[in-house]
Amino acid sequence: MRRLASLLPGLALMVVAACSAPVPVEPEAEAPSAGVSEPDSVAKPEMDVLDRVEDTCGMAAFESYIGQPAASIPAVDLPDRARIVGPDTQVTMDYVEGRLNVLTDEAGTVIGLKCG
């Protein structure tokens with residue numbers, strides 16, 4: 001009897017596990033067709049509160065570079081505090097009002113500009 005009593009908790013656990021609903025498996029997403037870009041596959045600059053502040057760093061002068069390689073921006077034209085920020089670039093989180101952040105995708109293409 002004691003042996004049966006010691007097996008009951010394990011047996012109860014197996015019964016509960018066997019009766020639980022199967023976990024649905026989502027089908028793998030198909031690759032997008034050539035020439036068609038999916039909204040989630042496009043690199044987008046991170047949106048935050050700082051995107052709604054005034055242009056305190058002169059970023060308007062660099063808007064023509066969006067969609068161009070960051071390397072095409074003449075270094076002499078960039079403000080002293082400017083930084084090129086890629087998706088894997090580590091940056092400090094301090095806000096510097098006059099600093100220009102040039103945001104790029106993996107290929108080094110400018111995808112956005114931020115002050116701070």
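**View 1. The hairpin of E2 and E3.** In the hairpin formed by E2 and E3, five residues lie between the strands, and Gly108 adopts a positive phi near 90 degrees. The model shown is predicted. E2 and E3 pair in the antiparallel sense, with five bridges between them. One of the bridge pairs joins Asn101 to Lys114 in E3.

**View 2. The open sheet.** Three strands make up an open sheet with mixed pairing, ordered E1-E2-E3. The pairing of E1 with E2 is parallel and comprises three bridges, whereas that of E2 with E3 is antiparallel. Arg83 has Asn101 of E2 as its bridge partner, and Asn101 in turn is bridged to Lys114 in E3.

**View 3. The surroundings of Thr104.** Thr104 belongs to strand E2, which spans residues 100-104. Thr104 has a relative accessible area of 8% and is therefore buried, the limit being under 20%. When residues up to four places away in sequence are not counted, Thr104 touches Ala70, Ile84, Val85, Gly86, Pro87, Thr109, Val110 and Ile111.

**View 4. Arg99 in the loop between E1 and E2.** Arg99 is located in the loop between strand E1 (83-85) and E2. The relative accessibility of Arg99 is 9%, and this residue therefore counts as buried. With its neighbours within four places in sequence left aside, Arg99 is in contact with Cys57, Arg81, Arg83, Thr92, Asp94, Lys114, Cys115 and Gly116. Among these contacts, Arg83 is the bridge partner of Asn101, and Lys114 is likewise paired with Asn101 through a bridge.

**View 5. Gly58 and Lys114.** Gly58 is situated in the loop between helix H1 (2-19) and E1. Its relative accessible area is 32%, which places Gly58 in the partly exposed class. Gly58 and Lys114 are separated by 56 residues in sequence and by 9.6 Å in space, C-alpha to C-alpha. Lys114 is also listed among the contacts of Arg99.

**View 6. The protein as the setting of these close-ups.** The protein contains one helix and three strands, and from the N terminus on its elements follow the order α-β-β-β. Of its 116 residues, 21% count as buried. Among contacts with a separation of 6 or more, 45% are between residues 24 or more positions apart. The protein exposes about 9,200 Å², of which 59% is supplied by carbon and sulfur atoms.

Key
Residues numbered from 1 in each chain as written. Predicted model: local features only at pLDDT ≥ 70, side-chain atom pairs only at ≥ 80, totals over all residues. Heavy atoms only, no water. Helix = DSSP H or I, 4+ residues; strand = E, 2+ residues; numbered from the N terminus. Buried < 20%, exposed > 50% of the residue type's maximum accessible area, 1.4 Å probe, protein only. Contact = heavy atoms within 4.5 Å. Pairing = 2+ DSSP bridges. Areas by Shrake-Rupley, 256 points an atom, 1.4 Å probe, with all protein chains shown as cover.
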